[in-house]
Amino acid sequence: MKLLIIGGVAAGATAAARARRMNQDIDITVLEAGPDVSFANCGLPYYIGGDIKTRSNLILQSPESFRDQYNVTVETMTEAVSIDRLNKTVRALNHETGITKNFEYDRLILSQGGKPFIPGLAGGEKAHVFSLWTLEDMDRIHEFIEEKQPASAVVIGGGFIGLEMVEALRKRGLKVSVVEMAPHVMAMMEGETAGFLQKEMQAWGIGVHTGLSVTSIGDHSVTLNNGQTLEADMVLLSVGVKPTLKLAEAAGLEIGKAGGLAVNEYLETSDQNILAGGDMAEVVHTVSGRKLRIPLAGPANRQGRIAANNALASTADEKMKYKGAQATSIVRIFDAVAGTTGMNLKQALEAGFKAEAVAIRKENHVSYYPGGTLVAIHLVYDRETGRILGAQVYGEDGVDKRLDVLSTGISAGLNASDLSELDLSYAPPFGSANDPVNMAGFVADNRMTGYGPSITAAELEGFVEGKKMALIDIRDYFTFQKGHIQGASNFSPEKVLEDLAQIDKDVSILVVDDNGKTAHRVVRQLLLAGYSDVHFVSGGYPGLEYFGRSGGFTFIDLPMAVPEGKTLSDLESDPSETDAREGSSEPASPGNDNSLLVVDVRSPGEFAGGAYPDAVNIPLDELPRRMAELGDTGREITVYCASGARSAYAARILAQQGFSNVKNGGGLMQMMAG
């Protein structure tokens with residue numbers, strides 16, 4: 001039997017290896033139009049950025065290693081130019097020798113993938129304009145940077161490769177701008193997810209130009225459709241990938257409605273002797289049920305494996321079905337990580353689902369263990385059935401872990417409520433007793449049942465428009481002053497009922513906090529007190545900020561502070577230095593022993609973010625050894641923290657040591673309200 005594979009890299013190389021493991025006797029030949037049959041194309045930006053130091057690490061297989069390990073013949077620089085389906089032959093041209101040769105097959109697997117879409121821009125042919133798809137492309141970019149020492153770059157396109165190259169070029173010391181025609185980068189992601197990524201880029205000094213396009217490329221600049229010019233000693237085109245279908249179309253194979261090569265559940269084309277996989281094939285989206293192209297490495301590898309199995313199957317029972325994919329993917333740009341699986345809310349609604357969403361924000365592990373960072377989950381589900389339709393996760397650490405759990409949940413057909421009962425691993429360095437995934441289940445269940453009415457950032461304008469509203473922001477005074485919804489009132493969560501006493505019970509109330517947790521508690525209090533139309537923003541104020549940063553709001557007035565700048569030297573810094581600084585504070589200056597002393601027992605980092613006027617900072621852990629700074633044991637002392645928990649503990653410690661006039665002031669918000 002002769003198995004012929006056209007195209008290597010992901011699907012083709014996997015198909016060849018799988019076929020040999022299934023049968024030692026068949027003849028296997030791979031035709032590859034380029035010079036490399038199997039390389040890590042997902043790693044190309046990371047070589048340019050310096051994360052991957054050695055080029056050879058990107059080469060996974062060579063023609064020689066395929067021959068030695070698998071007894072597979074690989075013909076590189078050999079382009080298939082036509083398929084004779086009747087006689088089962090492929091005519092191919094070797095670009096090095098100029099010789100044309102016919103290859104016979106009993107089964108043929110097409111895995112030609114796709115190629116970057118190159119828009120017809122004026123100046124697009126210039127020598128400093130690049131795309132990135134092959135090792136040769138990578139080498140040209142690397143050599144250009146080394147030899148020409150460009151000072152600036154513009155990346156056209158804010159998708160996966162575009163953002164990875166933004167990071168890579170910035171790491172090489174270039175001034176970088178990204179131009180994206182869609183309203184925000186990563187167009188398939190929710191606005192708040194994209195806003196999180198855009199804020200990180202802005203912190204690194206990267207120009208983010210969304211809702212715009214490039215009209216022309218000059219020698220050292222590009223011009224946008226609004227007339228603006230951007231510095232560009234080099235330009236990277238990353239505006240999408242189109243499938244390589246010329247060969248298949250010429251052979252009369254069916255092309256699907258989504259523009260890819262049509263295949264059935266066995267990855268067979270309209271000719272059962274020809275199978276296909278990878279970026280060129282059109283497959284089923286497992287959530288929507290629709291056919292589409294999913295140009296990702298994971299699905300391509302699995303399709304190659306199944307295509308090889310079915311090409312060698314002698315009976316129908318031996319064939320494997322390809323169920324499809326749900327487009328799970330993830331991207332990192334510096335410290336910011338964001339991933340998506342399934343459908344976003346817009347896609348789910350367009351597919352006919354009764355879809356809605358919730359958002360949560362929680363530490364990637366318990367807050368008391370050092371090094372925790374926030375993870376946000378945006379969960380999309382069908383409000384009638386509870387079925388999970390999609391999810392997005394963003395943060396710094398632990399994003400991939402939660403994304404993979406949610407992807408598995410979608411594949412398993414779980415409902416949003418099922419997430420609350422998942423038994424996930426927990427120890428302080430790794431997670432929390434209620435993982436962010438569990439919390440997403442809680443919030444979704446609460447919204448579906450009406451127990452915890454909430455809205456997402458994307459729903460804010462529709463929720464408030466035309467209503468008599470009370471916008472209640474229960475974050476602390478200093479955080480509120482740094483940014484809030486125009487027209488919001490800043491109340492202490494402990495005094496909301498008192499402050500709202502004069503408001504009619506039928507007024508619509510929206511509560512905002514840092515992450516949604518305290519706001520949920522306040523909403524429950526208000527509902528139990530007889531207020532009928534009360535909601536909170538799931539995920540809290542940061543989600544609103546990120547959504548606004550991505551251009552999501554039309555009339556909501558939300559300030560967008562300039563992110564704190566980051567530099568390349570930050571990549572070299574030792575996190576332990578920051579931890580050491582936050583672990584101590586200056587000696588307190590209590591003043592007159594008979595005066596009222598207000599002690600803030602939060603960490604120095606929290607204290608620096610805003611504190612009660614004239615308060616002194618003695619972190620709770622340092623209190624036992626610094627009591628001498630407090631003065632006489634009869635002195636009037638008020639202690640406070642963020643929520644009142646640590647300050648209550650501090651009051652007990654002081655009482656045990658003989659301080660007789662100590663009051664727990666509670667949280668910072670209570671102190672400021674008082």
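Tutor: K199 is partly exposed, with a relative accessible area of 25%. In this predicted model, K199 forms a salt bridge with E545, and the closest N and O atoms are 3.1 Å apart. The two residues sit in distant parts of the chain, K199 in helix α6 (residues 191–203) and E545 in helix α16 (residues 541–549), 346 residues apart. E545 has a relative accessibility of 13%, so it counts as buried, the cut-off being under 20%.

A second pair is E268 with K319, whose side chains meet in a salt bridge at 2.7 Å, N to O. E268 lies in the loop between β20 (261–262) and β21 (274–276), and K319 in the loop between α8 (297–312) and β24 (329–333), so this pair ties together parts that are 51 residues apart in sequence. E268 counts as buried at 5% relative accessibility, whereas K319 is partly exposed at 26%.

In the pair R475 and D473, the side chains meet in a salt bridge of 2.7 Å, N to O. R475 is buried, with a relative accessible area of 3%, and D473 is buried as well, at 1%.

There is also a network of salt bridges that links D51, E167, K171 and R332. E167 is one of the buried residues of helix α5, which spans residues 160–171. Nine of the twelve residues of α5 are buried, so this helix is largely enclosed by the rest of the structure.

Definitions and conventions. Residues are numbered from 1 along each chain as its sequence is written. This is a predicted model: local features need pLDDT of at least 70, side-chain atom pairs count only at pLDDT 80 or more; totals for chains, interfaces and linings use all residues. Side-chain values use heavy atoms; hydrogens and water are left out. Helices (H or I, at least four residues) and strands (E, at least two) are DSSP runs, numbered from the N terminus. The expected span of a helix is 1.5 Å times one less than its number of residues. Buried means under 20% relative accessible area, exposed over 50%, partly exposed in between (1.4 Å probe, protein chains only). A salt bridge is a side-chain nitrogen of Lys or Arg within 4 Å of a carboxyl oxygen of Asp or Glu.
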